[in-house]
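Hi,

Here is the structure I promised to pass on. Have a look at it first, and my notes follow below.

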Amino acid sequence: MNDLEELLRRGEFIELGKEIEKIKQIINDLRRNRKHNEANKIENELRDFINKAFEDIKDETERFLELSPEERLRMAFILAAKTTVVEGMKTTQIRKILSMSNGIFKGIKTKKLKDISPEIAKMRYILAYTASRHRNQITPILEVSDKILPKLTVENYEAFHDFLQAIVAYHRFLGGRD
């Protein structure tokens, strides 16, 4: 797992995703060959790596708007890995949130929205409802977003919108499905 940590540290997310896919394939091959103990050991190591990375980024959430685009991208990758590899989230479970974000972003760009606070409030409770409805598969996104959303304004919303799009993109890249 040291290789994974190094790829994450360097921000090589495509290579990291490929390595995660290789590990998942090894786990599947071991299970097919009835080597469940070995498969479980490797799977637990992968989950531990992702869970540790997730715990590390939760502290950064408070300063989301101060983070560089690269740091936000790293956070998006880790959230995608946590929700996809560890929690088994499906794309449909986040699609409504992304659709809401698209609506807010479009409203800002067309200058129809001067105040996004009502939309932000709605997004927060829909995220909470979705997390409870889908057995907490998107809870990591809720935990991070709930700290970011109250700080958003018309002027800085684009950073969060891009962040959500990156989560979905990496989710799909890591094998996320509908």
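Contact here means heavy atoms within 4.5 Å. This is a predicted model, where local features need pLDDT of at least 70, side-chain atom pairs count only at pLDDT 80 or more, and totals for chains, interfaces and linings use all residues. Numbering starts from 1 along each chain as its sequence is written, and side-chain values use heavy atoms, with hydrogens and water left out.

Let's start with His171, which sits in helix 8 (residues 157–173); helices are DSSP runs of H or I, at least four residues, numbered from the N terminus. His171 counts as buried because its relative accessibility is 0% (buried means under 20% relative accessible area with a 1.4 Å probe, protein chains only). Beyond its neighbours within four places in sequence, His171 is in contact with Ala80, Thr84, Met89, Lys90, Thr91, Gly176 and Arg177.

Next, helix 3 (residues 36–58): its 23 residues reach 32 Å from first C-alpha to last, close to the expected 33 Å (1.5 Å times one less than the number of residues). Its buried residues are Ala39, Leu46, Phe49, Ile50, Ala53, Phe54 and Ile57, and they pack against helix 1 (2–10), helix 2 (13–32), helix 4 (69–86) and helix 7 (139–148).

Finally, the largest nonpolar core has 59 residues, of which Leu79, Met123, Tyr157, Phe160 and Phe163 touch the most other members (such a core is a set of buried Ala, Val, Leu, Ile, Met, Phe, Trp, Tyr and Cys residues joined through side-chain atoms within 4.5 Å). Outside four places in sequence, Met123 is in contact with Ile97, Met100, Ser101, Ile104, Leu149, Tyr157 and Phe160.

Cheers

Note on methods: Helix = DSSP H or I, 4+ residues; strand = E, 2+ residues; numbered from the N terminus. Buried < 20%, exposed > 50% of the residue type's maximum accessible area, 1.4 Å probe, protein only.
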